[in-house]
Amino acid sequence: MSNYRENVEKDLRYLELLAQSFPTVASASTEIINLQAILNLPKGTEHFLADLHGAFTPFQHVLRNASGNIKRKVSELFGNEIRESDKRELCTLIYYPEQKLDLVKQTETDMNDWYHITIHQLVRVCRDVSSKYTRSKVRKALPPDFSYIIQELLHERTEDSDKAAYVKMIINSIIDTGRADDFIIAICNVIQRLVIDKLHILGDIYDRGPGAHLILDLLRQYENWDIQWGNHDILWMGACAGNDACICNVIRLCLRYANLTTLEEAYGINLVPLATFAMETYGDDPCTEFMPRTTGGSEELDEKNARLTAMMHKAIAILQFKVEAQIFHKHPEWGMEDRDLLSTIDTEKGSCIVDGKEYPMTSCHFPTISGNPRTEQGQYRSIAFTPEEEDLMKRLHHSFTVNEKLRKHIKLIFSHGCMYSIVNHNLLFHASCPLNADGSLKEVELYNGKKYSGKDLMHHTGMLIRSAFQGDTNPKERDYGIDYFLYLWCGPDSILFNKSKMATFERYFIEDKATHKEEKGNYFKLRDNEDICDRIMDAFEVEGPNRHIINGHVPVHASSGENPIKANGKLMVIDGGFSQAYHKTTGIAGYTLVYHSRGFQLVQHEPFTSEEDAVKRGIDIKSTTQIVEMTAQRMLVADTDIGTELKKQVADLRELLYAYRHGFIKEKR
C-alpha cells in the first residue's frame, strides 16, 4: 500500500492525464477487467517471409493460404466429416472466393443447397480463426456491409435449439436477397486476415521478379505488418533519393533479368534515352557478356529484343562502374577505391588488374573511355562521363527522383520499416551484424568519423539513410546519407552486404572464377555458433529463454542439404528463394516461418504453378512443415510484447484507482 502511495505522488501529473480517458472508478475498473481478460487470450499467429524479389503471385498465394495454416485448420475442424476433396475445394474457395464461385456456378446444379452447406462451413472456419481475439478486434476486421450478420453468426450456434431457427433464417435471407456471393467473398477475406495476426517481411521486396510494385500495393491494404529493409530495398530507396549509382544498379538488374515491367509499366521510367544511347554507342558491339537471363518471371525475348536489351545492359553497366568509382574516390574512408577497375584496364592488351594481379578480359570495347586508362596520364579520366553519358544520367536521375508512385512506395517502406526489429524475443534483421574474427561486435564508421557496432550501428544507419529524404537535415549529412546507400549495397562492412567485394565487373569481363569469389564476412562464418548468437542477442538486449535471430538474404541451398536452422535452433534463415530466378540454385521456392501459440513451424515451399491451377484444379503450393520449437504450454498474450505493455497499463490503472479512492484525484462523473 505504501508503494502505491509513493508511486501516485510521483506520477500524479501522468495520472491526471490518464484520468481524462478514465474519469471514474467504474471506467478504470472496467478497463482493468478488459485488459486482464486480453492477457489470457492465446498469442496471435505471426507470419515471417523474406526475400520476395518481385514474386507477386506466390507471395499473394502464401498470404491467402497463410503458409498452409488455413488448410491445417480446415483439416482439424472437419476431420472425417467431409471428404478430402471437399476440404480442398473449401480451402480453394477461401483463397480465391471470386474465381472459385464462377467455376462452381458452371457445374453446380443446386446452388441454394451449395450456398447453405458452404456458408455453414465458412462460419465454422471463421469462428475458429477469430477465437484468439476479442470481439472488438474481430469487429474491426469485418466489412461494414456484413459486420452485423457475421457477428451474429459467429456468436450463435445451431447446436442451441432455441437459436437454430434464428441462424437458419439469417442464412436463408442472405441467399434469398441475392447476397450469397458477396457474403462468401467477404467472410473468406475475413478468414484470410484473421488467421495471421502480424506479418513480418525480412527484406528484399524488389528486383529479380516483375511484381514488386504489386506486392507493395497489396501491403498498403494491410495494417499489422513490418519490414526490415533488405539490400535490394535499399538500392531502390537510394535510387529514389537520387544516388546515381543506385539508379544504374536498379536498371542494370532489371535488364539483366529481362524484367522491365517494374520500371516501365509500374513506375513509368522512360528508358528510350538509354535505348537510343546504347544503339548509337554499342551498335557494333556483340555485347555477349550482357545477354539477358530470361528467368525469374520474365518473358522470353526474340533475337532483336535480346540484342537491344544486351546493348542497354552494357551501356548502363559501364555508366554504373563510372559513377560508383566516382563515389568511392569521393569517400576514401570507405576503403573501396580499389574497386575502380575501369582505371586498371589496358585496352591494347585486353586486360585489367584485380587485387594486384593481371587478368585477360573477355572483351575490351569501351567507346566511352578515351585512350588507354592504365598507360595514359590523367587522374580518374577513365571514369569521367562523356557529354552524352552526362545528359543520359541527368535524364535518368530526374525520372527516379520525381516519380510520384515510387516515392509513395518508398514512403510506405519507411513508415513500416527499419534496419532491425525485436518482436516477442526474436531479433529480426535482413542480412548480418558485422563481427570481428573472434566473434565480437565490429565497429563500423558512419558519418563524421563516428563508429558504432551492433544495435547502435543499425539504429544510426537507419537514421542516416532517413536523413537523405529529410529537407531540414544538415546538407552535408544529407549528401553523405545519399552516398551511403551505395556503401550499404556493396560495402565490405555493410550490415546489408558484409562481403569482401561485389564482383559484378569480374563476372562480366573475367573468365577466371577465382576473381568472382566474394568472401563472406565473419557473421556468415560464425552464425552457426550458439555462443556467438547469444552474444549478439545480449548486445541487442533480446530477453527470454526462447530467443532467436531470424534472417533472410542468403538463399538456403536446400537441394544440397543445407539446413535453415542454425546454432542449435537459435538462428533461422528463411530465404529459400521465392523468386523463380533462384529455384535452380536452391532447389525449392522459399521458406516461411509461422509462430503461433504452440511454437514455431518452418514451412518449405515447392514452386507455385499458377493461380489458374490453384482455382481450377485445387492445386495448392506443396509445402513441408518442420516443427522448429514447440512449447509445453500454450503461449498467451501475457507472454508477448503486447502483454508486457498491457501489464504496464494495468499497473497504471491500479495506481489511478488508488488515487481516486484516497482523494489524490477527484472523479469526474
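Helices (H or I, at least four residues) and strands (E, at least two) are DSSP runs, numbered from the N terminus. The expected span of a helix is 1.5 Å times one less than its number of residues. This is a predicted model, where local features need pLDDT of at least 70 and side-chain atom pairs count only at pLDDT 80 or more, while totals for chains, interfaces and linings use all residues. Residues are numbered from 1 along each chain as its sequence is written, and side-chain values use heavy atoms, with hydrogens and water left out.

**Figure 1. Helix H12, a mostly covered helix.** H12 takes in residues 180-194, 15 residues in total. From its first C-alpha to its last it reaches 21 Å, close to the 21 Å expected at 1.5 Å a residue. Twelve of the 15 residues in H12 are buried (buried means under 20% relative accessible area, exposed over 50%, partly exposed in between, with a 1.4 Å probe and protein chains only). Among the buried ones are Phe183, Ile184, Ile185, Ile187, Val190, Ile191 and Leu194. Asp181 and Gln192 are on the buried list too. As background, an α-helix has 3.6 residues a turn, so residues three or four places apart point the same way.

**Figure 2. The whole protein chain, for orientation.** The protein chain holds 28 helices and 16 strands. Its C-alpha trace spans about 95 × 75 × 45 Å along the principal axes. For 669 residues, a compact globule would have a radius of gyration near 26 Å, and the 29 Å of the protein chain agrees with that; the radius is taken over C-alpha atoms, and the globule rule is 2.2 Å times the number of residues to the power 0.38. Of the 669 residues, 56% count as buried. Take the contacts (heavy atoms within 4.5 Å) with a separation of 6 or more: residues 24 or more positions apart account for 72% of them. The chain exposes about 29,600 Å², with carbon and sulfur atoms supplying 47% of it; accessible areas come from the Shrake-Rupley method with a 1.4 Å probe, and for residues only the protein chains shown count as cover.

**Figure 3. An open, mixed sheet of five strands.** The strand order is S7-S8-S11-S13-S12, and two strands pair if DSSP finds at least two bridges between them. S7 (420-423) and S12 (565-566) stand at the edges with a single partner strand each, so one side of each is left without a neighbour in the sheet. Helix H25 (residues 530-539) packs on the sheet, touching S8, S11 and strand S13 (571-573). The direction of H25 makes about 95° with that of S11; axes are lines fitted to C-alpha atoms, for helices over the stretch in contact, and angles run from 0 to 180 degrees between N-to-C directions. S8 (residues 426-429) and S11 (residues 548-551) pair in the parallel sense over three bridges. Asn426 has His548 as its bridge partner in S11.

Figure 4. Strand S1 (residues 46-49) runs parallel to S2, joined by four bridges, and Glu46 is bridged to Lys198 in S2. S2 also runs parallel to strand S3 (residues 225-228), this time over three bridges; here Ile201 has Ile227 as its partner. Arg208 counts as buried, at 11% relative accessibility.

**Figure 5. Asp355, another residue with a positive phi.** Asp355 is in the loop between strand S4 (351-354) and strand S5 (357-360). Its phi is about 55°, and it is not a glycine. For context, most residues other than glycine have a negative phi. At 64% relative accessibility, Asp355 counts as exposed.

**Figure 6. Two loop residues, Asp493 and Lys520.** Asp493 lies between helix H22 (475-490) and H23, and is partly exposed at 21% relative accessibility. Val444 is 49 residues away from Asp493 in sequence, yet their C-alpha atoms are 6.8 Å apart. Neighbours within four places aside, Asp493 is in contact with Pro434, Lys442, Val444 and Tyr487. Lys520 lies in the loop between H23 (504-509) and helix H24 (522-526) and is partly exposed at 38%. Lys520 and Lys501 are 19 residues apart in sequence and 8.9 Å apart in space, C-alpha to C-alpha. With neighbours within four places again left out, Lys520 is in contact with Asn498, Lys499, Lys525 and Val554.
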